[in-house]
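Welcome, and thanks for taking a look at this one.

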Amino acid sequence: MGVWQLLLVGLVMLLGLLGVLVPGVPGRWLVWASVMWWSLHEKTGTAWALLVGATVVLLVDQVLVWLLPPRRLRGVGVTRRMVVSAGVGALIGFFLIPVVGAIPGFIGGIYGSERLRLGGHGPAAASTRTVMRAVGTSVLVELFACLLVMGAWLGAVLAN
């Protein structure tokens, strides 16, 4: 697979990560479809193992999201800035502290956005807890699974 095709697969994965943050966009399925596309072109044992692993991770993720309480966006105060801050924080955290850094990065992004909006630590911390109870946990679980798949794909591409 050429460099341009790899870049396209990576861009589709990034679009999938953004789709996780936007309600109604099938983010995890875009990530899975890009891994499938890459695997069908590579046809190596690593590519097939990554496709199977991505399928398992994303199916388990879907079950976990179903088991969590439903997202309640109304009345919580979720803003676009907060969603963007949480997503950027998770992405930065994922690469600064490999894999597990996505969780504190996500929560830190929400807190940072709320700190700017509300001005103080106490109100920002209370708002962060409220947002995490309402929507954050299910979004975090889905985003973390997609980041795991994307990180595994990136590792497989760099290893070859």
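In this predicted model, helix H4 (residues 80–96) packs against helix H5 (residues 102–118) at an angle of about 145 degrees, and their axes are 6 Å apart. A nonpolar surface patch and a set of three salt bridges are also worth a visit.

**The H4–H5 packing**
- The crossing of H4 past H5 is right-handed.
- On the H4 side, the contact is made by Arg81, Met82, Ser85, Ala86, Gly89, Ala90, Gly93 and Phe94.
- H5 answers with Ala102, Gly105, Phe106, Gly109, Ile110, Ser113, Glu114 and Leu116.

**The nonpolar surface patch**
- H4 is the biggest giver here, with four residues in the patch.

**Salt bridges**
- The count comes to three salt bridges.
- One of them joins Asp61 and Arg28, whose closest N and O atoms are 2.9 Å apart.
- Because Asp61 lies in helix H3 (residues 45–67) and Arg28 in helix H2 (residues 27–42), the pair ties together parts that are 33 residues apart in sequence.

Methods
Residues numbered from 1 in each chain as written. Predicted model: local features only at pLDDT ≥ 70, side-chain atom pairs only at ≥ 80, totals over all residues. Heavy atoms only, no water. Axes fitted to C-alpha atoms, helices over the stretch in contact; angles between N-to-C directions. Helix = DSSP H or I, 4+ residues; strand = E, 2+ residues; numbered from the N terminus. Left-handed = near helix turned anticlockwise from the far one by under 90°. Contact = heavy atoms within 4.5 Å. Patch = residues over 30% accessible without salt bridge, like charges linked within 9 Å, V, L, I, M, F, W, Y side chains within 5 Å. Areas by Shrake-Rupley, 256 points an atom, 1.4 Å probe, with all protein chains shown as cover. Salt bridge = Lys/Arg side-chain N within 4 Å of Asp/Glu carboxyl O.
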